Amino acid sequence: MRKRIVLFLIILIFLSLIFIVLPKIGFYTFVFDQGEYEHSDESSTERISDLNELSPKTRELALEFLEKCEENGLDVRITETYRTQARQDILYEQGRTTPGLVVTWTKNSKHTKRHAFDICEDNTDDPYGDLEFFRKCAEIGKEVGFTPGYYFDEVQDMPHYELNRWWIQ
């Protein structure tokens, strides 16, 4: 009986290490998503829309997403990729302590980790008005491996796409 308890505890510790500790310290991101990307000034509050600012895996899937959107006649423009923490903090305060509408509900965004980007419809007078455009893009985003904000439960974020895998924190 005692050996079973010890074995159970060893397995529990091992699984915790694999599924909780290693993702939290960025081990899997380091191993599976390493590579070159642009480095912006971390104090910048400017909007960044360069795909080269994303993590390598996110950039790879974003390019696949854009290609499939084009094949389906969807004219997509990337509006924002990487966000510095300084910009994320400013966006978080908007609608709370500074004027404007609330545009984000977190200070801990996938944008700041280089695992998210936002889109809009290009070449139109109303880049956020075509709900069918965003629905079709969300289907393609899901197909290539993103979690589209279109499908978020609490607050729908139609322009948002994130690489949301258990091993990426």
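What span should the 16 residues of helix α3 have at 1.5 Å a residue, and how far apart are its end C-alpha atoms? To find out in this predicted model, select residues 56-71, which form α3.

Keep α3 selected and show the side chains of Pro56, Thr58, Arg59, Leu61, Ala62, Phe65 and Cys69, which are buried. An α-helix has 3.6 residues a turn, so residues three or four places apart point the same way.

Select Arg114, with phi near 70 degrees, in the loop that runs between α4 (85-93) and β2 (116-121); Arg114 counts as buried because its relative accessibility is 7%. Then go to Asn123, where phi is near 55 degrees, in the loop between β2 and α5 (131-144); here the relative accessibility is 66%, so Asn123 counts as exposed.

For the last stop, select Leu7, Ile11, Phe14, Leu15, Leu17, Phe19, Ile20 and Val21, which together make a nonpolar surface patch of about 730 Å². Centre the view on Leu15, which belongs to helix α1 (residues 2-24) and which, with a relative accessibility of 39%, counts as partly exposed.

How values were computed
Residues numbered from 1 in each chain as written. Predicted model: local features only at pLDDT ≥ 70, side-chain atom pairs only at ≥ 80, totals over all residues. Heavy atoms only, no water. Patch = residues over 30% accessible without salt bridge, like charges linked within 9 Å, V, L, I, M, F, W, Y side chains within 5 Å. Areas by Shrake-Rupley, 256 points an atom, 1.4 Å probe, with all protein chains shown as cover. Salt bridge = Lys/Arg side-chain N within 4 Å of Asp/Glu carboxyl O. Helix = DSSP H or I, 4+ residues; strand = E, 2+ residues; numbered from the N terminus. Buried < 20%, exposed > 50% of the residue type's maximum accessible area, 1.4 Å probe, protein only. Expected span 1.5 Å × (residues − 1).
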